[in-house]
Amino acid sequence: MEKIAVVTDSNSGMTQEQAKDYGIYVLPMPFFIDGDTYFEDIDLTQEQFYRKLEGQADISTSMPSVGAVTDLWDRLLEEYDAIVHIPMSSGLSSSCETAMMLAQDYDGKVQVVNNQRISVTQKQSALDALELARRGKSAAEIKDYLEKTKFDSSIYIMVDTLYYLKKGGRITPAAAALGTLLKLKPVLQIQGEKLDAFAKARTVKQAKNIMIDAVKNDFAKRFGNPSGEGMHIAMAYTKDREAGLEFQAQVQEAFPGHAIDFLDPLSLSVACHIGPGALAVTCTKKLEAE
């Protein structure tokens, strides 16, 4: 049986400390802030990031350097037979494509998974990979499974402010001004490669209800199981954990038969574009039983 290392990046929301507990390896994502380079969860905390973001710092995201990726792989292959590498969605970053290119030099020992996920759904993929390795699956078999099931998840995100969507060019200044005037709370979705518009709400309360109804609809129509049996529910937020906990209680009430797997800070790479105050709920199909 292959000894397999599971690697993901900090876009999964998995901290370095959590990764050690799980036995997973996390590449920290680099950020350029006012000309300086920082690495998520290494020398850039959530608190520091939001202080800089709200202080109008010039922030841009990047992907891990080639050297950071291959150095980690080389080190792990001294101990492991193979690596399953799970980067953020290829629709949101070129880091997946780059990793696939680099893996060509590793004679099949590095399997890069393009499974179109980010945040807690990407984290779940890493945990699923770990479980599949425990079950004796090869690195290639794990990659095939994760890519076959890559669209078996949804993320719904309420954006509290339109400022950062406008700043990043994702909506026009006129649309942002009108949305701000009308106090709109857009709900976005990731159900595949990228972040898309899903619905518009007038209040946070309405946005929360829209997201909960969307998950119920996914259970019934996408996954053919209205009760949501065999599904994970997980949640994320930007900056305001108290608001996240409040929404978690509402989601738990809406799905009394489910445990909420995670309530994690949303990836800083996404937070750059949507700002503080966002709330997210996700659903992901569970691994098939052994």
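1. Basis of the note. The model is predicted, with local features requiring pLDDT of at least 70 and side-chain atom pairs counted only at pLDDT 80 or more, while totals for chains, interfaces and linings use all residues. Residues are numbered from 1 along each chain as its sequence is written, and side-chain values use heavy atoms, with hydrogens and water left out. Helices (H or I, at least four residues) and strands (E, at least two) are DSSP runs, numbered from the N terminus.

2. The nonpolar core. A nonpolar core is a set of buried Ala, Val, Leu, Ile, Met, Phe, Trp, Tyr and Cys residues joined through side-chain atoms within 4.5 Å; buried means under 20% relative accessible area, exposed over 50%, and partly exposed in between (1.4 Å probe, protein chains only). The largest such core comprises 28 residues, and Phe31, Phe49, Ile59, Ile157 and Ile274 have the most contacts inside it. At least two residues each are supplied by strand S3 (30-33), helix H2 (46-54), strand S8 (153-158), strand S9 (185-190) and helix H11 (268-274). H11 provides the largest share of this core, 5 residues.

3. Helices H3 and H4. Two packed helices are described by the angle between their axes and the distance between the axes. Axes are lines fitted to C-alpha atoms, for helices over the stretch in contact, and angles run from 0 to 180 degrees between N-to-C directions. The axes of H3 (residues 66-76) and H4 come within 11 Å and cross at roughly 50 degrees. H3 is therefore oblique to H4; angles under 35 degrees count as roughly parallel, over 145 as roughly antiparallel, 65 to 115 as roughly perpendicular and the rest as oblique. In contact (heavy atoms within 4.5 Å) are Val66, Val69, Thr70 and Trp73 of H3 with Thr98, Ala99, Leu102 and Ala103 of H4. The residues of this contact divide into 6 nonpolar, 2 polar and no charged, where Ala, Val, Leu, Ile, Met, Phe, Trp, Tyr, Cys and Pro count as nonpolar, Asp, Glu, Lys and Arg as charged, and the others, Gly among them, as polar.

4. Helices H5 and H6. The H5 and H6 axes come within 10 Å and cross at roughly 140 degrees, which makes H5 oblique to H6. On the H5 side the contact involves Ser125, Asp128, Ala129, Leu132 and Ala133, and on the H6 side Ile142, Tyr145 and Leu146. These residues divide into 6 nonpolar, 1 polar and 1 charged.

5. Leu146. This residue of H6 (residues 139-148) counts as buried because its relative accessibility is 2%. Beyond its neighbours within four places in sequence, Leu146 contacts Ile86, Val113, Asn115, Ser125, Asp128 and Ala129.

6. Ser119. Helix H5 (residues 119-134) contains Ser119, which is buried because its relative accessibility is 2%. Setting aside neighbours within four places in sequence, Ser119 is in contact with Asn11, Ser12, Ala236, Leu266 and Ser267.

7. Two positive phi values. Most residues other than glycine have a negative phi. Asp34, in the loop between S3 and strand S4 (36-39), has a positive phi near 50 degrees and counts as exposed at 51% relative accessibility. Asp107 has a positive phi of about 50 degrees; Asp107 lies in the loop between helix H4 (95-103) and strand S7 (110-112) and is exposed, with a relative accessible area of 71%.
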